Amino acid sequence: MSGATGAAGLPSVLARQASTLWPQAATPGALHVVSTPIGHLGDVTLRALAVLQQVAVICCEDTRHARPLLDRFGIATATLALHEHNEASVTPRLLGRLRAGEALALISDAGTPLVSDPGARLVAAAVAAGLRVVPVPGASATLAALVASGLAPHPFTMLGFLERKGKARENQLALATKSPHAVVLFESPNRLVQTLRDIAGLAGTRRAVAVARELTKHFEEVRRGTLEEVAAYYEGTPPRGEIVIVLAGATAAELTEDGLQATADALRAEGFRPRDIVRMLMDEHGASRNLAYRLAHDT
């Protein structure tokens with residue numbers, strides 16, 4: 001065997017060795033929620049390889065997308081498409097297989113399943129049926145972006161992909177900008193600049209943000225700065241690839257300047273009494289008593 005051939009075959013050897021080391025990695029009658037790489041194939045875990053070798057079937061968000069990973073490691077396990085369009089109809093059949101004692105795996109196109117990906121219906125149904133759900137941890141775009149952002153990593157809120165328009169999007173942006181801790185968002189390259197501008201319109205242009213692009217891949221980039229700085233950069237340098245936004249939490253001053261007055265006005269328009277507005281501004285938005293009283297009484 002030549003050196004080149006040997007090197008090419010190493011991934012499949014690694015997968016077989018993982019299964020040999022952990023011959024019972026897959027639990028009979030259990031649904032295994034398996035994290036897969038978000039870019040760099042070296043981020044797959046040995047346990048994940050063993051589980052994918054041993055289960056009866058691998059449920060994939062897209063079987064075509066899963067094939068390069070499985071082929072790379074010589075995993076010949078049968079695959080089954082499980083996505084938002086067929087999850088409801090396929091789930092009962094999968095529950096039957098689990099009840100019969102088969103071990104199943106669930107993977108997404110990349111990263112940890114269920115985080116802005118299909119699979120939640122199947123997992124919920126398995127739990128409701130009293131069947132075992134086994135997490136197999138690994139790569140996560142959310143956590144990778146968070147720890148590379150340079151912002152306070154915890155606590156944090158994960159909002160996933162923003163709605164494209166309408167009231168739902170407005171509510172998501174309001175939640176993101178008012179949060180006192182970091183918020184993680186997913187966005188497409190063509191909407192990134194507009195989203196950063198929309199956030200700046202609510203949070204102020206000087207709020208800190210980090211945009212992580214193509215994490216773990218060759219062109220990985222983490223751009224840090226204010227909303228204005230990062231939006232301006234990507235306006236001049238159109239982004240490509242998978243994108244994660246990490247927005248810094250709001251400070252008390254930002255809440256006062258950018259949101260509290262509008263919140264007080266909205267509550268007043270809805271008929272709330274001043275004392276109720278004071279309480280809500282303090283409890284829900286972190287306003288000081290003096291500030292809340294002043295805004296509630298519009299003085």
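The protein chain carries 30 positive and 29 negative side chains, with the centres of the two sets 4 Å apart. The model is a predicted one. Its secondary structure consists of twelve helices and ten strands, and the C-alpha atoms occupy a box of roughly 80 × 45 × 30 Å along the principal axes. Of the 299 residues, 45% are classed as buried. Among contacts with a separation of 6 or more, 70% involve residues 24 or more positions apart. The accessible surface amounts to about 15,200 Å², and carbon and sulfur atoms contribute 55% of this area.

A total of 13 salt bridges is found in the structure. One of these joins Arg-197 and Glu-228, with an N to O distance of 3.0 Å. Arg-197 belongs to helix α8 (residues 192-203) and Glu-228 to helix α9 (residues 227-236), so the pair ties together parts 31 residues apart in sequence. Both partners are partly exposed, Arg-197 at 27% relative accessibility and Glu-228 at 35%. Through salt bridges with shared partners, Arg-197, Glu-228 and Glu-235 are joined into one network.

Glu-221 and Arg-213 also form a salt bridge, at 3.1 Å from N to O, and both of these residues are buried. In the salt bridge between Arg-64 and Asp-62, the closest N and O atoms are 3.3 Å apart. Here Arg-64 is exposed, with a relative accessible area of 67%, whereas Asp-62 is partly exposed at 22%.

A nonpolar surface patch is formed by Leu-14, Leu-21, Trp-22 and Leu-46, which together have about 380 Å² of accessible area. Within this group, Leu-21 is located in helix α1 (residues 3-21). Leu-21 has a relative accessible area of 59% and is therefore exposed, the cut-off being over 50%.

Methods:
Residues are numbered from 1 along each chain as its sequence is written. Side-chain values use heavy atoms; hydrogens and water are left out. Helices (H or I, at least four residues) and strands (E, at least two) are DSSP runs, numbered from the N terminus. Buried means under 20% relative accessible area, exposed over 50%, partly exposed in between (1.4 Å probe, protein chains only). Contact means heavy atoms within 4.5 Å. Accessible areas come from the Shrake-Rupley method with a 1.4 Å probe; for residues, only the protein chains shown count as cover. Lys and Arg count as positive and Asp and Glu as negative; His and the chain ends are not counted. The place of a charge is taken as NZ of Lys, CZ of Arg, CG of Asp or CD of Glu. Patches are made of residues with over 30% relative accessible area and no salt bridge: like charges are joined within 9 Å, nonpolar side chains (Val, Leu, Ile, Met, Phe, Trp, Tyr) within 5 Å. A salt bridge is a side-chain nitrogen of Lys or Arg within 4 Å of a carboxyl oxygen of Asp or Glu.
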